[in-house]
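Here are my notes on this entry.

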Amino acid sequence: MGKPNHLKKDMRIKNHPILGKAPDGVWVEIEVDGESIPALEGEPIAAALTAAGIRILRITKKYAEPRGVTCAIGRCTDCIMEVDGRPNVRTCVTAVKAGMIIRTLKE
Amino acid sequence: MKKKQLVVVGSGPAGLSAAVQAAEYGVEVMLLDEHSRPGGQLFKQIHKFFGSHSHYAGMRGPDIGRLLLERAQSRGVCISLETTVWGIFQDRVLGLVSGDRTDRIQADKIILATGATENALRFPGWTLPGVMGAGAVQTMVNLHRVLPGKRFLMVGSGNVGLIVSYHLLQAGGHVVKLVEALPRISGWGVHASKLARCGVPIEVSKTVKRVCGRDRVEYAELVSVDAEWNEIPGTKERIEVDVVCVAVGLNPLSELAWIAGCGHKYIPELGGWVPRHDESLQTLVPGIYVAGDVTGIDEASTAMEEGRIAGISAAETLGCISGGAADAVRDKAYTQLAEFHQSPWGIRLEAAQRKLRAGEQDGA
């Protein structure tokens, strides 16, 4: 059975001319809308989602428009999701823990 | 209630530098940051810094960050991360939130080094996933080591737009084009020529008309503009990109200064509303100082100089250093600032800051 499509698009930078090789980290799994994706423990949730090719992090309440990572430093709240049952969590500044259950906010 | 001699809010270049400077003279310093890692935006600035060698020239942001952190630790600065300051009350009482816990601290002196936030650019499609701040892209790439796309359009030719474009190339991204609505490149020539040598087209008098895609960025429409910013008919051009990076400046993050009752002035050369402050970087509220981008949008190098000024001024008013010695540190920092401000843009910025600070000095 093939991997879901987004797992094929690993956007991680493994080698970098200035920063060198990516440091070793602890790989864990997190669940996003029912699908399991790999993530590095301690990285922002939004980084793990971006690496897995997931761009839509939220659907707005009134006009049902998609939103994604915009500021990446916890200012704009465009990337908020439900994390372990808690709504409106800023995923760009919230660290990954093994087994987190994440859901896209739709209403 | 806990008491501290000095609380510094924000652990970026300005805050770290202020904390180190004050701690060097025996001040008991608490450094707060809402993020899980210290350093603010310093660790994503992986290029070599300019300036003089005594002021970190030739070093890259992460190395400077590590050096400042080591100095802060060896001087006993207490760093408290994942701690958000949500209010400042009478007698310099700070309200803090950390996870599910709240706390209050009374500080003799406060230095606000809260930095800045990126400006947005409004065009049809500006909210689509894939339209990001250039600084946000830089955070993803250099800190978290994730590319948020494959084909990038950079909007804006200031130093941020030029440098982040180069960082994208280093990380393996394809910068399809850099556009600038002004008829000239606004950042430093050295950054622009480096980018041009790498084959990135830099096109002036050109801007984004709209960004399109079903549920994410699929392409951007560009148009040329005349001297009055009007679209020139027949110049529409479509480019396939999956990320549009917006690099059109920043504005100071001065909410805490507002809450504390510091007066503000709107100064376009400084990026918007800035807290009024004097040459020692003290605001109109005695005991509250500002340093870094919150005093006007500038660079990490100048933020560190301002951190020194605010740190030494706080140490001076706490009685930890004599006025003469403090003056010497301030003079040296102001000389450095003037050296950094030698570009046309820097000259305008420094003139605006000098005018503001001198005015407050005279009680205007």
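1. A residue counts as buried if 20 or more other C-beta atoms lie within 10 Å of its own, with C-beta atoms placed from the backbone. Helices (H or I, at least four residues) and strands (E, at least two) are DSSP runs, numbered from the N terminus.

2. This is a predicted model: local features need pLDDT of at least 70, side-chain atom pairs count only at pLDDT 80 or more, and totals for chains, interfaces and linings use all residues. Residues are numbered from 1 along each chain as its sequence is written, and chains are lettered from A in the order in which they are written.

3. Helix 4 of chain B covers residues 159-170. Its buried residues are B:V160, B:G161, B:L162, B:I163, B:V164, B:S165, B:H167 and B:L168. Among the elements that cover them are helix 3 (134-143), strand 9 (151-155) and helix 5 (189-197) of chain B. Just after helix 4 of chain B, B:G172 has a positive phi of about 95°.

4. Pairing requires at least two DSSP bridges. Strand 13 (residues 219-224) and strand 14 of chain B share four. One of these bridges links B:E221 to B:R238.

5. At the interface, 25 residues of chain B are in contact with 28 residues of chain A (C-beta atoms, placed from the backbone, within 7 Å). Helix 3 of chain B gives the largest share of chain B's side, four residues.

Methods: Expected span 1.5 Å × (residues − 1). Buried ≥ 20, exposed ≤ 12 C-beta atoms within 10 Å, placed from the backbone. Contact = placed C-beta atoms within 7 Å.
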